[in-house]
Amino acid sequence: MTAVRVPGLPIIEAGQLISTSPATGVEAGRLPIATASDVRQAVDRAREASEWWAGLGFPGRRQHLLRWRALLAQRIEQLAELVHVEGGKPVADAIVEIVTAIEHIDWAARNAGRVLGPRRVRSRLILAEFSAHLEYQPYGVVGVIGPWNYPVFTPIGSAAYALAAGNTVVLKPSEYTPAVGQWLVDSFAEVVGEQPVFTAVHGLGDTGAALCRSGVDKIALTGSTATARKVMAACAESLTPVLIEGGGKDAMIVDSDANLDAAAEACVWGGMTNAGQTCIGIERVYAVDPIFDAFVDKVVAKAGRLTVGPEGADIGPITMPSQIDVIRRHIEEAVSSGGRAVLGGPSAVQPPYVHPTVLVDVPEDSDAIREETFGPTLTINRVRDADEAVARTNALSYGLGGSVFGRRRAVTIARRLRSGMASVNSTLTFAGMSTLPFGGTGDSGFGRIHGEDGLREFGRTKAITRRRARSLLPSMTFERTPADVARLVKAIKVMYGR
């Protein structure tokens with residue numbers, strides 16, 4: 001009997017992973033499943049290539065990475081179409097994603113030498129006879145486990161920075177978007193064909209587990225908090241360091257002096273772009289009482305104009321079929337517990353699509369408030385003031401991003417959010433800012449990609465001291481005399497005793 005194929009659900013057949021469109025079921029690609037042995041061999045090959053890649057130095061790697069950047073720019077429509085077919089994302093959204101990824105490749109390539117290269121560090125008076133230097137050396141092989149919701153931008157956010165730092169990379173793309181991951185490594189091979197510097201292994205969760213146990217020198221994961229815990233447990237067996245981005249439940253706060261038109265526009269974009277399947281997407285909103293009703297009306301009007309469908313629409317299908325059940329459960333529970341659907345509602349769930357849904361007066365202990373929904377839904381609740389909004393925002397264990405709209409107090413409010421990032425009078429903009437680090441706290445993970453911190457994340461800190469003169473206050477030697485110790489004590493009292 002032939003198994004029924006669910007559009008978008010990965011299929012394993014004859015040792016191959018078959019990827020299909022969640023909207024149409026058309027095949028997007030088929031890739032060989034990597035066994036644990038295959039994964040180890042891929043890491044071994046990457047390790048052999050790492051000496052060559054690191055040996056190119058920052059200028060050599062920059063040249064290759066900029067050529068890759070140019071290739072992606074030249075083929076942006078081709079890649080966007082593949083992202084659209086395989087994950088259902090509207091082509092325009094896919095282009096925005098790729099543009100942002102290209103920007104990050106460019107910045108990492110151009111700035112790696114400045115950020116990670118050897119530099120002199122000032123020494124202190126107590127060890128003035130020594131010079132101090134600091135540099136960041138490559139780990140070797142970095143494993144990147146990528147997500148399906150942003151299959152270009154997110155893996156490149158780790159891979160490009162790891163490559164610029166001198167590491168080779170083995171990518172395990174999501175089983176929902178393996179063809180996009182393979183496209184990325186194939187395009188890189190066109191400009192760096194000498195060695196297997198950037199390669200991919202494909203499969204389900206066991207392939208990711210095998211990568212964690214394969215001897216890689218670091219793992220960078222973007223995925224759910226539950227997956228993050230599994231990855232950390234596997235990596236703990238060998239003390240392999242990890243970088244975790246584990247999802248979020250980001251909030252927007254709308255203060256009384258906010259520009260409501262701009263806030264509503266950003267809210268709808270932040271909550272419903274990519275069908276709401278965004279780790280830093282706005283899922284809950286807290287609007288202060290004086291402007292609550294007007295703000296909700298504007299959000300409903302804007303969200304109500306969005307189109308849904310497979311081609312040319314604002315919102316495409318839900319990429320992972322099982323997520324539809326989560327979205328349905330959140331909407332139904334929110335309504336049954338006292339919330340109101342002012343747009344959409346339970347009837348908005350029409351697999352493989354979910355139409356825009358706006359819920360108000362949802363209890364704070366409901367799943368729609370506390371769990372990641374990952375659909376084109378928004379909860380908007382009324383609060384007395386910004387202080388209450390901050391308290392509700394920070395009440396969850398997630399802490400990835402957030403947004404604040406207002407004038408006089410907006411930046412102050414943003415600083416109070418327990419999150420790794422925040423946008424003021426915009427949403428999601430920190431993701432595209434290549435100069436800023438990206439990452440969260442709490443259940444949203446730890447470590448950073450992007451920016452200078454992102455480059456340093458993929459380099460081992462190496463501190464070097466060098467003697468340049470005779471010690472005036474010898475201490476680190478058995479040749480010191482009682483007089484030397486007495487002078488040392490006297491010096492410390494003069495320097496620090498006041």
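Two strands count as paired if DSSP finds at least two bridges between them, and strand 10 meets that with strand 22 (residues 445-446), antiparallel over 2 bridges. Helices (H or I, at least four residues) and strands (E, at least two) are DSSP runs, numbered from the N terminus. This is a predicted model, where local features need pLDDT of at least 70 and side-chain atom pairs count only at pLDDT 80 or more, while totals for chains, interfaces and linings use all residues. Residues are numbered from 1 along each chain as its sequence is written, and side-chain values use heavy atoms, with hydrogens and water left out.

**The UniProt pair**
- An unreviewed UniProt entry lists Glu245 and Cys279 under "active site"; such positions are given in the numbering used here, with feature names shortened, and annotations may be inferred rather than shown by experiment.
- The two are spread over 35 residues of sequence but cluster in space, with a largest C-alpha distance of 8.9 Å.
- Glu245 and Cys279 both belong to the lining of the largest pocket. On a 1 Å grid over the protein atoms alone, a pocket is an open set of points where a 1.4 Å probe fits, with protein on both sides within 12 Å along at least five of seven lines; lining residues have an atom within 4 Å of a point.
- Glu245 is buried at 6% relative accessibility, and Cys279 is buried too, at 11% (buried is under 20% relative accessible area, exposed over 50%, partly exposed in between; 1.4 Å probe, protein chains only).
- Cys279 sits in the loop between helix 9 (260-272) and strand 12 (282-288).
- Beyond four places in sequence, Cys279 has contacts (heavy atoms within 4.5 Å) that include Glu245, Asn149, Asp250 and Glu372.

**Around strand 10**
- Glu245 lies in strand 10 (residues 242-245).
- Both faces of that strand are covered, with Val242 and Ile244 buried on one side and Leu243 and Glu245 on the other.
- Strand 9 (residues 218-222) runs parallel to strand 10, joined by 4 bridges.
- Ile244 has bridge partners Leu221 and Phe446, the latter in strand 22.

**Phe58**
- Phe58 is in helix 2 (residues 57-74) and is partly exposed at 23% relative accessible area.
- Leaving out residues up to four places away, Phe58 touches Ala112, Gly113, Leu116, Gly117 and Ala164.
- Ala164 is 106 residues from Phe58 along the chain, yet their C-alpha atoms are 7.2 Å apart.
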